[in-house]
Amino acid sequence: MNKNIVTRVIFLILIIINCIVIFIFSSQNGEKSSNVSGSFVKQIIEILPGTENLSKSEKEQLTENLQFVVRKGAHFSIYALLGVFTMGFMNTFNISARRKILFAFIFGLLYAITDEIHQLFSSGRTAKIMDVGIDSLGVIFGILIISLIIYLINRKNSKPKRIITN
């Protein structure tokens with residue numbers, strides 16, 4: 001089988017898995033979603049140096065403050081992965097770099113929008129334009145990572161080899 005086809009199929013599978021994971025997280029009701037991120041933050045606080053002497057109320061306040069950052073960081077990260085996988089998929093096609101980037105971005109943006117709409121049907125969840133923005137920034141970041149890697153690989157491969165003579 002052609003190496004390009006295998007790469008395309010692998011990236012397509014990764015895109016599908018990533019979208020399923022996003023869908024599952026969006027399907028969680030508000031309480032469960034909050035508990036998942038809250039327990040993650042609590043575990044982080046317990047292992048961070050300097051937090052062992054905090055009172056219970058100080059730890060709860062810190063958890064509440066960090067939970068927002070963790071939740072938005074999770075949005076950004078999972079969509080950055082979607083950007084990486086989609087751009088990797090697009091790079092298996094012989095089209096201009098501009099079209100590859102545009103398609104990868106539009107796909108990520110549309111998935112972010114549908115994800116927020118999906119959350120409207122999950123108990124205790126809402127759709128937020130800010131989340132679409134964060135998700136889109138994640139997609140752009142993922143696209144930039146892959147684009148930079150490809151640029152560096154192409155640059156390395158196009159350098160002429162120097163022959164050292166004595």
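View 1. The model shown here is predicted. On the α3 side, the contact is made by His75, Tyr79, Leu82, Thr86, Met87 and Met90. The α4 side contributes Lys100, Ile101, Phe103, Ala104, Phe107, Gly108, Tyr111, Ala112, Asp115, Glu116 and Gln119. By class, the residues of this contact between α3 and α4 comprise 10 nonpolar, four polar and three charged.

**View 2. Helices α3 and α5 pack with their axes 6 Å apart.** The angle between α3 and α5 is about 45°, and the two helices are therefore oblique to each other. The crossing in which α3 passes α5 is right-handed. From α3, the contact involves Phe68, Lys72, His75, Phe76, Tyr79, Ala80, Gly83, Val84, Met87 and Gly88. Helix α5 presents Met130, Asp131, Ile134, Asp135, Leu137, Gly138, Val139, Phe141, Gly142, Ile143, Ile146 and Ser147 to α3. The contact of α3 with α5 contains 13 nonpolar, six polar and three charged residues.

**View 3. Helices α4 and α5 cross at roughly 150°.** Helix α4 spans residues 97-119 and helix α5 spans residues 129-158; their axes come within 9 Å. This crossing angle makes α4 roughly antiparallel to α5. The crossing of α4 and α5 is right-handed. Residues of α4 in the contact are Ile101, Ala104, Phe105, Gly108, Leu109, Ala112, Ile113, Asp115 and Glu116. Those of α5 are Asp131, Val132, Asp135, Ser136, Val139, Ile140, Ile143 and Ser147. The contact of α4 with α5 is made up of 10 nonpolar, three polar and four charged residues.

**View 4. The largest pocket holds about 610 Å³ of space.** It is lined by 26 residues, of which Ser33, Arg71, Ala74, His75 and Arg125 are the closest to its centre. Two or more lining residues come from each of α1 (3-27), α2 (30-47), α3 (56-90) and α4. Helix α3 provides the largest share of the lining, nine residues. The lining of the largest pocket divides into nine nonpolar, 11 polar and six charged residues. His75, one of the residues closest to the pocket centre, is also among the α3 residues that contact α4 and among those that contact α5.

How values were computed
Residues are numbered from 1 along each chain as its sequence is written. This is a predicted model: local features need pLDDT of at least 70, side-chain atom pairs count only at pLDDT 80 or more; totals for chains, interfaces and linings use all residues. Side-chain values use heavy atoms; hydrogens and water are left out. Axes are lines fitted to C-alpha atoms, for helices over the stretch in contact, and angles run from 0 to 180 degrees between N-to-C directions. Helices (H or I, at least four residues) and strands (E, at least two) are DSSP runs, numbered from the N terminus. Angles under 35 degrees count as roughly parallel, over 145 as roughly antiparallel, 65 to 115 as roughly perpendicular and the rest as oblique. A crossing is left-handed if the near helix is turned anticlockwise from the far one by less than a right angle, and right-handed if clockwise. Contact means heavy atoms within 4.5 Å. Ala, Val, Leu, Ile, Met, Phe, Trp, Tyr, Cys and Pro count as nonpolar, Asp, Glu, Lys and Arg as charged, and the others, Gly among them, as polar. On a 1 Å grid over the protein atoms alone, a cavity is a set of points where a 1.4 Å probe fits but cannot get out, and a pocket is an open set with protein on both sides within 12 Å along at least five of seven lines; lining residues have an atom within 4 Å of a point. Grid points are joined across faces, edges and corners, and a volume is the space filled by probe spheres set on the points.
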